[in-house]
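Please open the structure in a viewer and keep the selection tool at hand. The stops below say what to select next and what is there.

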Amino acid sequence: MSEIIEALNQLEKERNISKDLIMDAIEKSVQAACEKDFGKESDFSVIMDRETGEIQIFTAKVVVPDAPMSPNEISLDDARKLNPDVQVDDEITVETTTQNFGRIAAQKARNIIVQAIKESEKISAFVKFSDKKDDILTGVIQRIQDNSVRISLDDHTETILSEKEMIPGEVYRVGDRIKVYVVDVKESQKGFRIIVSRTHPNLVKRLFEREVAEVADGTVEIKSISREAGSRTKIAVYSNDANVDAVGACVGLNGTRVNNIVENLMGEKIDIIEWDEDPAIYIEHALSPSKVVSVDVTPGEKSAKVVVPDYQLSLAIGKEGQNARLAARLTGYKIDIKSETQARQAEMDEEEYEEYEEEYEDEAFEEEAESVEAEEAEAEEAVTEEEVEENEE
């Protein structure tokens, strides 16, 4: 068993796996395997020598005066060969062997060590990839099947990119290197599961952190991101240094920085806008590339009315409303966009409505006053008739 001790010492040194814990596991495994020879009710134990690795079985037996009648008994003569002072009815621990004990012990020990190595690798991998949560990993596409992509992250770890986490229209080929965002790392019955995405907004954020030094060191801060993966992303940035242009830093010389990110996202358009603490200015920037005439903000309701030039209305709203939708998500405001003509018409309609409302209120007041006068006249007439009737009587 010396080779087992050497293996255990190496495991403890290289993988930080406790030798004592593995030995305990070997003892329990061998004991369970030997139960069929001794019986589950037998009082026996398995002990593994911590220095030599030798495994021994000890059984508790009761001393009887004559020949034993059960496996749990030992004769007085045999017991005194082990302990001269033993008496009848005493309990004595006796080393016991079985026909297949040596083979069973070696096999179980090897199985436990192999299992311990596998568990150690799983734990190490889990810790390693748990630290990568909310970050980017680069892998190699191994297989494409059932609307999912299997990606190898290292020699022992794979993950699956599900269909809902794929960028629409993106083409995947076996052998291609691919960057994915780690959404979560969850333990499972078979080990652990790495959940990755290509559509998560934070994938764009992490790509900017890798590509733009000013973002990585905190000089430029990414305040907000809104994304429709595969089509368009809006990102709001702010500079903590008055001498650094936040938008310019992210775009890079001749657009090199942002173009590298666009290439990673397979041509997805990226609008980089400057964040501002004034909601009106922030919303105006968010609607870029459209020009804005005015922004009327209602902070309590998180809503804003925006007026744009007539010829910019379609640009402000965007194809199928995308530009307005992304701007609303980016700023957190509900945005109502109108052209100058629409805004003037709405203002005129509102004035006409107010005039109509005033006229309606005046007419209602006059009708109510006339009704009151009529009721008073009727009441007076009724009183007069009563008085006439009283006089006639």
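Buried means under 20% relative accessible area, exposed over 50%, and partly exposed in between (1.4 Å probe, protein chains only). This is a predicted model, in which local features need pLDDT of at least 70 and side-chain atom pairs count only at pLDDT 80 or more, while totals for chains, interfaces and linings use all residues. Residues are numbered from 1 along each chain as its sequence is written, and side-chain values use heavy atoms, with hydrogens and water left out.

**Stop 1: Lys 128 and Asp 154**

Select Lys 128, which is partly exposed with a relative accessible area of 43%. The term stands for a side-chain nitrogen of Lys or Arg within 4 Å of a carboxyl oxygen of Asp or Glu. Lys 128 lies in helix H4 (residues 101-130) and Asp 154 in the loop between strand E6 (148-152) and strand E7 (158-161), so the pair ties together parts that are 26 residues apart in sequence. Helices (H or I, at least four residues) and strands (E, at least two) are DSSP runs, numbered from the N terminus. The structure holds 18 salt bridges.

**Stop 2: Arg 227 and Glu 268**

Go to strand E10 (residues 220-228) and pick Arg 227. Arg 227 is buried, with a relative accessible area of 9%. Which residue forms a salt bridge with Arg 227? It is Glu 268, with the closest N and O atoms 2.9 Å apart. Glu 268 lies in the loop between H8 and E12 and Arg 227 in strand E10, so this pair ties together parts that are 41 residues apart in sequence. Glu 268 is buried, as is Arg 227.

Now show the backbone oxygens of Thr 199 and His 200. A polar atom of the Arg 227 side chain lies 3.0 Å from the backbone oxygen of Thr 199, and the backbone oxygen of His 200 lies 3.0 Å from a polar atom of that side chain.

**Stop 3: Glu 228 and Arg 329**

Select Glu 228 and Arg 329, whose side chains meet in a salt bridge (3.4 Å, N to O). Glu 228 lies in strand E10 and Arg 329 in helix H11 (residues 322-331), so parts 101 residues apart in sequence are tied together. Glu 228 counts as buried at 18% relative accessibility, whereas Arg 329 is partly exposed at 47%.

**Stop 4: the largest nonpolar core**

Select Phe 208, Ile 235, Val 237, Leu 265, Ile 270 and Ile 272, the residues with the most contacts inside the largest nonpolar core, which has 23 residues. Such a core is a set of buried Ala, Val, Leu, Ile, Met, Phe, Trp, Tyr and Cys residues joined through side-chain atoms within 4.5 Å. The elements giving two or more residues to this core are helix H5 (201-211), E10, strand E11 (232-239), helix H7 (246-251), helix H8 (256-264) and strand E12 (269-274). H5 gives the most, with 4 residues.

Centre on Phe 208. Leaving aside neighbours within four places in sequence, its contacts (heavy atoms within 4.5 Å) include Val 215, Ile 222, Cys 250 and Val 258. A second, separate core of 19 residues includes Leu 11, Met 23, Ile 113 and Ala 116.

**Last stop: a salt-bridge network**

Finally, select Asp 20, Asp 24 and Arg 50, which are linked in a network of salt bridges.

Key:
Polar contact = N/O pair within 3.5 Å; in protein donor to acceptor, adjacent residues only side chain to side chain.
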